Amino acid sequence: WESDIYLPILNDRIGWLEYVSDTLLVPGEGVDPVKIVFNQPIDMISGSLAPILPDTSIEENIGIGSIPVPIPVPDYPFIVQSEEVPITNLGGSSGAYLRNVIVSSGVMIFSVESTIEGILEMSYYLTCCTIDGEQVGIDLEIPAASGEKLGIASGVLSLENAVFDLTGPLGVSNNILTTHFSAQGAPVNEEIFYVTSEDNIRVTVQFQDFEVKSALGYFGNLSTGFSAEEDVVDSIPLPNPVLDLEGAVAKLKLENTVGADVRFTFDTLAFDGVQMQHPSFYGVHDMARAQWINGEIYSTTELEIDLGEPGSTLFDIIETFPERLRTVGNIELNPYGDVSLGNDYLDVDHLPKLDLELEIPLNVGVDGVVLEDSFEIDPMEFPKFDGHLLVDLWSTFPANVIADLDYMVNDTLGTIVSVDAEIEPGSVQLNQPAHGFFEIPVNQDIMEPGGTIHVTLHVNTNGATEFTGNEDVRVQVRVEGTQLLEE
């Protein structure tokens, strides 16, 4: 006998935003249009704002003094010397001075030559410097001199993450390294040895390759240029798009994280080589200092520049969907001088930020947007089946949609059944989807092995059309027909 079959086998949706890679399209709320929300950080090489600690070399000849006769060298410090060493040429001619510095890297290279004919133990410490709370220094054993052959020793000390207090012994100075040197006879000497007024110890200390992590002081009236070129990584991934930019917002956001007043000037803001014209962007933009407390940022200052104000050509450029962004300008620290009285602060992990932000309602014309999805159909045991696959497509796209459907049968012949239909524009706002319908003749040979339904949607608008971002096509598939059951 015959048995009627009515079996829903698929109810799914094909949306479009989920198919856009690296998308910057954000669905609107309710009936609001989808927005292009574009945030492009601009990488300014602001590490050049950090004060530069120059390589410094210290050489000292430490004499024994005027003594009438040779004296035996004791096994306790007989030479003790503390020094204050100024750091010069800090920041070139910018007038900078520093009170406290933390360096992320740097080395101290120490060498000593002695004319004393006995083994010495010596210590050289930076009394202004600590690492993990421990004072930084080096202890060396100096071999005995012999005749014209000097006793020579050397060592290298890493100053990674070293903390320098450059305010001097009284805590009121700046740019001052304080050091302490001592020498005494080593216990390993088997005989008493003597020094005379002609003996001396020559000490050479080199500080090299400092990289400043943070600094407190006055950074000077420093000016440095910047040039940044960025790929506009997120682009509108729609073929042949046309934008209507009414209601768009564009701004350049600057955030000053440096504890110093900053003056920005811009020479260039170009997209794909096309310079933006703007009535005020290329002027002077002053920003107050950020507030730091005990090495922690307390508050920053922000400045927004309206890039879309009347007279700007930005939106004309954006309509071309540019791929490259280039900005050139200058950053000046402390344009009004040392107003903080030595309390500028900078941490290279918190550098000024520059971001281009665009928010554009997506009123767009598209030509050839292709959305695709595939749906698996399980094998079905319908003996001597004769009927149809009925496919309903409900589109809320406010655009014409051409739908192609291929049913690929899992048989040895590679059977493919293809149909197509055109769907008129629908509407999310009015909750009025447009309807498309396929009817595919099928039989037992097609339904029994199962297969895959592959749906391709081609979306085209006639001019700019407003999208909400919630548009989709609902795909409903059912089997209708009869099967012949035999006893």
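Predicted model: local features only at pLDDT ≥ 70, side-chain atom pairs only at ≥ 80, totals over all residues.

Residues are numbered from 1 along each chain as its sequence is written, and side-chain values use heavy atoms, with hydrogens and water left out.

1. That pair belongs to strands β17 (residues 249-256) and β26 (residues 353-361), which are antiparallel and share seven bridges. Strands here are DSSP runs (E, at least two residues), numbered from the N terminus, and two of them pair if DSSP finds at least two bridges between them.

2. β17 also runs antiparallel to β23 (residues 301-306), with six bridges joining the two. Here E255 faces E302 of β23.

3. Elsewhere, an open antiparallel sheet of four strands has the order β1-β35-β29-β32. Its edges are β1 (2-15) and β32 (434-443); each has a single partner strand, so one side of each is left without a neighbour in the sheet. From one strand to the next, the twist averages 15°, with axes as lines fitted to C-alpha atoms and angles running from 0 to 180 degrees between N-to-C directions.

4. The partner of β32 is β29 (residues 386-395), and 10 bridges link this antiparallel pair. Along it, L390 is bridged to E439, while D392 stands opposite F437.
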